[in-house]
Amino acid sequence: MANYDYFLHYVRRLQENNFDALSLVTGAKGSGKSSACIALARKYIDMYGFVCPFCGIDFYKNVYAIKKDSLGNPQFYIPDYVKNDKCWIQCPENRELDLRTGQKRIVSGCGHKFKYSQRKKIVWQAQKQIAYSNEDVIKKIFSLPNFSPIICDEAINFASSLDFAKTESKELKKLFTVIRPKRFWVFFLLPELGWCDARFREGMSSFWIRMIDRGEGILFEKDKGITKDAYHIQKAEELMGTVKFFSNMTKIKKNLMKHPCYFDSFHFPELPEDVYNDYEMVRNAVNLQQKVAEQSFSNKDLGKVAAYNLLNNWDRISVGVQRSRDLRLGYDILTNEIFADPLTRKRMVSDVTVRNWVRGIGDYVKSKGESVVVFDTAKDEVVGENVELEVKL
Ligand SMILES: [Zn+2]
């Protein structure tokens, strides 16, 4: 089984030449999408990551040279003059234009030079490199150094082709089109390639990794020719055939090698236990935070918030309606404008919760008030309040 060093060098060269390195990673639940991305990102950090021994900032630098072996295949190596400290490595100074003074000022980095033997490596931390929500993605885009790997664990939140209406997703899509100068290596984890918005899939991505089994991934490189389907998904479907629990994976892998976009296939070994635990801990903490944020308001509070927003933020809500595709107040406006914290504008309930509420009331209306059983569907609600609601209705 091939090792993925060559792929990482390839990605790095693309980044340096200002090409998108966006990689789409798909596969069933439990096929190890996250573990595969973590393995690739950790190796990348190990190869290119530096911590300045003077100011302590993280940065990425390519100190590898390339030569051809006897078969003409490229080989990447760290040359002796680097290893033997015959050259300097400089901590990059990042400058920003200060709009008040019109002067450029240093925002990070010290510009000090040091030797390769003084190198300190960036330590992998799930929290630093993996983004779990749209907000988190934006935060990382603005805070991580150039060339950083960024794993978007829940890319479905903003990269979904079905999600076109959400303002937040739209903003993120716009943001992704302007961050190329930062040369990140971004991973989108998605259930299926078809779910990914075409702007990302056809426009901005360069690779597709399909996990076909636990820890087994097939790497495809995007067809840069003229095509509406840059990864020839139809062809991949044909070659894969029907996959079941006891399907012969070796045969499927062999078939997929005939795919026009086939690049390589990898086996990703299990992550070291501490790395996996760290990943799980961060993921669970983020999930919990979201839950707590949602549950710390009673439904009565949410009713008050909605009333306030309807009365005081009607202009914004109606602009949202006017901009919507079919001029209707949809769930996105409900969650993003009406059930949103009037101060922070953060949504206070999930889309799914609101849909359940509305469905429940819909059932109630259909029953013409004969039955109030619908209110039992929302088990997480405070009982006392449901009773109150029933009486008033
Ligand atoms: Zn420095």
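Visitor: How close do the axes of helix α9 and helix α10 come, and at roughly what angle do they cross?

Guide: This is a predicted model, in which local features need pLDDT of at least 70 and side-chain atom pairs count only at pLDDT 80 or more, while totals for chains, interfaces and linings use all residues. Residues are numbered from 1 along each chain as its sequence is written.

The axes of α9 (residues 233-240) and α10 (residues 249-256) come within 8 Å and cross at roughly 145°. Here a helix is a DSSP run of H or I with at least four residues, a strand is a run of E with at least two, and both are numbered from the N terminus. An axis is a line fitted to C-alpha atoms, for helices over the stretch in contact, and the angle runs from 0 to 180 degrees between N-to-C directions. The crossing of α9 and α10 is right-handed. Right-handed means that the near helix is turned clockwise from the far one by less than a right angle, and left-handed means anticlockwise.

On the α9 side the contact is made by Ala236, Leu239 and Met240, and on the α10 side by Ile252, Asn255 and Leu256. Two residues are in contact if their C-beta atoms, placed from the backbone, lie within 7 Å. Sorted by type, the residues of this contact are five nonpolar, one polar and no charged. In this sorting Ala, Val, Leu, Ile, Met, Phe, Trp, Tyr, Cys and Pro are nonpolar, Asp, Glu, Lys and Arg are charged, and the others, Gly among them, are polar. An α-helix has 3.6 residues a turn, so residues three or four places apart point the same way.

Helix α14 (residues 331-338) and helix α15 (residues 351-366) have axes that come within 10 Å and cross at roughly 115°. The crossing of α14 and α15 is right-handed. Tyr331, Leu334 and Thr335 in α14 meet Asp351, Val354 and Arg355 in α15. The residues of that contact are three nonpolar, one polar and two charged. Helix α14 is mostly covered, with seven of its eight residues buried; Asp332 and Glu337 are among them. A residue is buried if 20 or more other C-beta atoms lie within 10 Å of its own, exposed if 12 or fewer, and partly exposed in between, with C-beta atoms placed from the backbone.

Now the wider setting. The protein has 16 helices and 15 strands, and buried residues make up 26% of its 393 residues. It is divided into domain 1 (5-68 + 120-285) and domain 2 (298-392), with bounds from an automatic or database domain assignment. The domain centres, taken over C-alpha atoms, are 36 Å apart. Along the principal axes, the C-alpha atoms fill a box of roughly 85 × 65 × 45 Å.

The largest nonpolar core has 63 residues, of which Cys37, Cys152 and Phe188 touch the most other members. A nonpolar core is a set of buried Ala, Val, Leu, Ile, Met, Phe, Trp, Tyr and Cys residues joined through C-beta atoms within 7 Å. Helix α2 (residues 33-48) supplies the largest share of this core, nine residues. Not counting residues up to four places away in sequence, Cys37 touches Val25, Ile151, Phe187 and Leu189. A second, separate core of seven residues includes Ile333, Leu334, Ala340 and Met348.

Some loop residues complete the picture. Phe147 lies in the loop between α5 (134-143) and β11 (149-152), and it counts as buried because 23 C-beta neighbours are inside 10 Å. The phi of Phe147 is near 75°, a positive value in a residue other than glycine. Asp85 also has a positive phi, near 60°. Most residues other than glycine have a negative phi, and most peptide bonds are trans. Asp85 sits in the loop between α3 (80-83) and β6 (89-90), and it counts as partly exposed because it has 13 C-beta neighbours inside 10 Å.

Asp85 is one of the residues that Lys115 touches, Trp88 being another, not counting residues up to four places away in sequence. Lys115 itself is in the loop between β9 (113-114) and α4 (126-129). Lys115 is partly exposed, with 14 other C-beta atoms within 10 Å. Lys115 and Lys83 are 32 residues apart along the chain, and their C-alpha atoms are separated by 8.7 Å.
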